[in-house]
Amino acid sequence: MTLRVVRSFQALLMALLGLYLLSRVWNGSILLYINQRFVILAFFAGLCMIILAQVLYKGRHSALGDHENRGENAPTSLWWVMVPIVIGFLIPPRPLSPSAVNNRGMMIDAPLSARIEDTSQILELSPTERTVLDWIRLFSYSEDVTPYIGQPADVTGFVFYDGRLNSNQFMVGRFTITCCVADATALGIIVQYPEAAVLKEHSWVRVTGTVDIFERDGRQYPIIIAETVQPVPQPEQPYLFP
Amino acid sequence: MSDDLVAVPKKRLLDLLPIVILAGFFLLGLMSRFGQIFDWKNEFILSIIERVSNFSAVFLGIFIEAAPYLLLGTLASGLIEVFFSAQELSRLLPRNKILSVSLGGLLGLFFPVCECGSIPLARRLMRKGVPVPVGVAFLLAAPVINPIVIASTFAAFGNTAIFWLRFGLTFLIAVGVGLLFLFEPEANRILKFDHQESDHSFHFHPENAAGEVPAFSLGQKLQRTAMIAADEFFEMGRFLVVGALLAASMQTFIPQNYLLALGQGPLLSVFVLSILAVLLSICSTVDSFVALAFTGTFTNGSILAFLVYGPMVDIKATLMYLRVFKKRIVIVLVLLPLLLTLVAGVAVNLWVR
């Protein structure tokens, strides 16, 4: 390929990458991949890529550039950079499905990625507004958890069975994402429910009931004594961002 | 450099690989789309579609997260190339070699980039005449010793031994490995230069024999910055893509528990978490949160190893190193920090409570 063709191809790929990032930011589906804190970064990167594409295309005739880095392998590296473009535009954007929990395991413990010890914000929420993450955080960082006993709970998550649970228990879980999907960690609360065994694993449910305490190895965890468990469609934003 | 001259023919086959992968994803993409439109119920196809969509979610997550940093690193590299001369750069470093290598280890405090950004930057600095030991120390330390990672590690671990040991150890290993390169003064034997691959009619040599930069207008300089950044973005971006593909396959197809079940005991746990850090290829800004998840089940030394070794060497970084250094140097850069990390991790397990 001549330099002019390489430059035009580079410009095209840059523009497509930039457009991809901007379109995902625009329709919000970028939140299926990264934590909201980083969206602004992706947005500026998208803009920057569009500008770069413009500069590259305009300068496709000039020989300004790096005299050390280009060579025969330029076309190959361009093909590689097409991979994210093809995957991004062609494969329907879907969140990590609950079945991925089989590869990752489920935590009932301290909100790892959410080590914010200040619980005042969570306490301002009414109990039924708290998410799986909020409850676990609350139990990890409160001196005394007895006030929470008997509070109503209303959480949504996917069903997960663990071998150590009783037959009348299941876990309701959510993925939390600190940075990008690669660090997704499943957090779950144990739910006590007589018909636990008939629920379909990995399906989404909304659990209402009351909160109780369950102790293991001297630590206290929340457990929900369920009144109702109803199947719901997967929420628009299935991840929780600590 | 003669060993690099011969290696051209067998590359042809590798050139086809990205095209094969592209075609594969194109078909899988079409299948997923059709599956959606026609609402296929076949279990087998559904499970493939689910795997593919989990895979692409992780892949795109890594790519979207890392691409801005890579862009930032290459833009910084372009700016340094265009606006600084080699003399100006080397004048900034202290005369004392040990002092300047230590400074290299701390340079990340001023260029807050993660590993995707630090590699192009380090390469640029070394090609611009910054001594290789300084560049190596920067390369290994910058992904950890920078303000963003210090903040996130503090958020995760607070004022604990792990927090301080992470930065102390990273600094020591980076500077130690850097100092080792003092024994090889010939940059040509360490770095990979691409002169022989380039077709000279393409190129424009901005530096004349005396190494002086000819006068350009500001507009031209900026244009040149953009082009260098783009060239480097594609050159390094390919390794980001390959690394993200491998890491995503790891995460989608191999249950973490297999590896985790292997690793208990003061030695094995350190080894297992070091390897896991490489395979997961999580960005250094968040790996401390992931490490936190292991605190209950794993030894402190192994968590430290995860935090120290992961940012220095992971799948995508190793692939990018191959672009910067000769092969045997990459082997040193991968193995030496691993050994040092293992020793440190085991020592922590045995003597620090």
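1. The axes of helix α14 (residues 300-312) and helix α16 (residues 327-351) of chain B cross at roughly 160° and come within 8 Å of each other. The two helices, α14(B) and α16(B), are therefore roughly antiparallel. The crossing of α14(B) past α16(B) is right-handed.

2. On the side of α14(B), the residues making this contact include Leu304(B), Ala305(B), Val308(B), Tyr309(B) and Met312(B). On the side of α16(B), Leu338(B), Thr341(B), Leu342(B), Gly345(B) and Val346(B) are among the partners.

3. Chain A comprises six helices and seven strands. Read from the N terminus, its elements follow the order α-α-α-α-β-α-α-β-β-β-β-β-β. The radius of gyration of chain A is 24 Å, well over the 18 Å that the globule rule gives for 242 residues, so chain A is more spread out than a compact globule. Its C-alpha trace spans about 75 × 35 × 30 Å along the principal axes.

4. Of the 242 residues in chain A, 44% are buried. Among contacts between residues at least 6 apart in the sequence of chain A, 72% join residues at least 24 apart.

5. Confidence in chain A has a mean pLDDT of 83, with 90% of residues at 70 or more. Helix α2 (residues 39-58) of chain A has the highest mean, 92, and strand β1 (residues 106-107) of chain A the lowest, 71. Over residues 67-73 of chain A the pLDDT is below 50, although this stretch has 20 contacts in the model beyond near neighbours in sequence. Where pLDDT is low, predicted coordinates should not be read in detail.

Definitions and conventions
Residues are numbered from 1 along each chain as its sequence is written. Chains are lettered from A and ligands numbered from 1 in the order in which they are written. This is a predicted model: local features need pLDDT of at least 70, side-chain atom pairs count only at pLDDT 80 or more; totals for chains, interfaces and linings use all residues. pLDDT is the predictor's confidence in each residue, from 0 to 100. Helices (H or I, at least four residues) and strands (E, at least two) are DSSP runs, numbered from the N terminus. Two residues are in contact if their C-beta atoms, placed from the backbone, lie within 7 Å. The radius of gyration is taken over C-alpha atoms; the globule rule is 2.2 Å times the number of residues to the power 0.38. A residue is buried if 20 or more other C-beta atoms lie within 10 Å of its own, exposed if 12 or fewer, and partly exposed in between; C-beta atoms are placed from the backbone. Axes are lines fitted to C-alpha atoms, for helices over the stretch in contact, and angles run from 0 to 180 degrees between N-to-C directions. Angles under 35 degrees count as roughly parallel, over 145 as roughly antiparallel, 65 to 115 as roughly perpendicular and the rest as oblique. A crossing is left-handed if the near helix is turned anticlockwise from the far one by less than a right angle, and right-handed if clockwise.
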